[in-house]
Amino acid sequence: VQNPRKIFDTVSDNGAADVILGALGLEAVDAVIADLGLASTRVVGGTAALQRRTIHDAGTRTLPEAGGLLASNNTLHESAAFDPAYTTATSAADINAVLRAIWTDEAASPRSCQKMRMLLAQQIWPHRIRSGFPFADVVVAGQTGTIGPIRNEAAVVEIPGAAPVAVSVFT
C-alpha cells in the first residue's frame, strides 16, 4: 500500500525515546503532559529503568532471560515494570488527545505539528492498525508502542472525504 505523502519509512524505538527523555528531562516531559491535560499519563523513567526493573523482578541476570520467563505460558511471573500503578503509563484516551492536538496544531507550532504528522505517516509497520485499511488512498499515521508483553498502537486514519479519526489499541 502506497501512501502519497510517504517519503521514507521510519522506525522509532525505545532507545530513541530514552535519548529524547535524557535530553529533555522528566520535568519538561511532565510540563507537556500537564499542558495537554493528560490526566491518565505518567512518565517515571525510560526503557533502561524499565529493563532493570524487569530483570530484578524476574530474578535473572539479563533482559533476554527475564523476557523469556515473563513470556512463559507455563509459569506466571509478574513485574512492577508492567504494572501501570508503578511504571510509565497512559490511557488510550490520553493518546488520542495527543493525536488530536497534533492534528489541530495545538501540541506545538503548526510547522512542528506538520512535521510530526509527516513522520507518523512514515510508520514502517503495516501489520497493526494499517492492516485494517489496505487502500492506497487511506493514510494511516501511527506509532507502535511495544515493550515486553505490551503491544500498543495509536494512529490517525485519514479516509478521503471524511474527518481524520484517532484510533488507539492497547493490549
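A residue counts as buried under 20% relative accessible area, as exposed over 50%, and as partly exposed in between. By this rule aspartate 105, with a relative accessible area of 29%, is partly exposed. The model is a predicted one.

**Salt bridges**

Aspartate 105 forms a salt bridge with arginine 117, and the closest N and O atoms are 2.8 Å apart. Arginine 117 belongs to helix H6 (residues 110–120), while aspartate 105 sits in the loop between H5 and H6, so the pair ties together parts that are 12 residues apart in sequence. Arginine 117 has 13% relative accessibility and counts as buried.

How many salt bridges does a search of the whole structure find? The search finds two. Besides the pair above, the side chains of arginine 53 and aspartate 57 meet in a salt bridge, at 2.6 Å from N to O. Both of these residues lie in helix H3 (residues 47–58), four residues apart, which is about one turn of the helix. The accessibility of the residues in these pairs is listed below.

| Residue | Relative accessibility | Class |
|---|---|---|
| Arginine 53 | 36% | partly exposed |
| Aspartate 57 | 24% | partly exposed |
| Aspartate 105 | 29% | partly exposed |
| Arginine 117 | 13% | buried |

**The nonpolar core**

The largest nonpolar core is made of nine residues: Leu99, Ile102, Trp103, Leu120, Ala121, Val139, Ala141, Ala154 and Val156. Helix H5 (92–103), strand E1 (139–147) and strand E2 (150–158) each supply at least two residues of this core. H5 gives the largest share, three residues.

Which residues does isoleucine 102 contact, leaving aside its neighbours within four places in sequence? Isoleucine 102 is in contact with Ala107, Cys113, Met116, Arg117 and Leu120.

Three strands, in the order E1-E2-E3, form an open sheet with antiparallel pairing. E1 and strand E3 (165–170) are the edge strands, and each pairs on one side only. On average, neighbouring strands of the sheet are turned by 10 degrees against each other, with direction ignored. E1 and E2 pair in the antiparallel sense over nine bridges. Within this part of the model, glycine 145 stands opposite asparagine 152 in E2.

Definitions and conventions:
Residues numbered from 1 in each chain as written. Predicted model: local features only at pLDDT ≥ 70, side-chain atom pairs only at ≥ 80, totals over all residues. Heavy atoms only, no water. Core = buried A, V, L, I, M, F, W, Y, C linked by side-chain atoms within 4.5 Å. Buried < 20%, exposed > 50% of the residue type's maximum accessible area, 1.4 Å probe, protein only. Contact = heavy atoms within 4.5 Å. Pairing = 2+ DSSP bridges. Axes fitted to C-alpha atoms, helices over the stretch in contact; angles between N-to-C directions. Salt bridge = Lys/Arg side-chain N within 4 Å of Asp/Glu carboxyl O.
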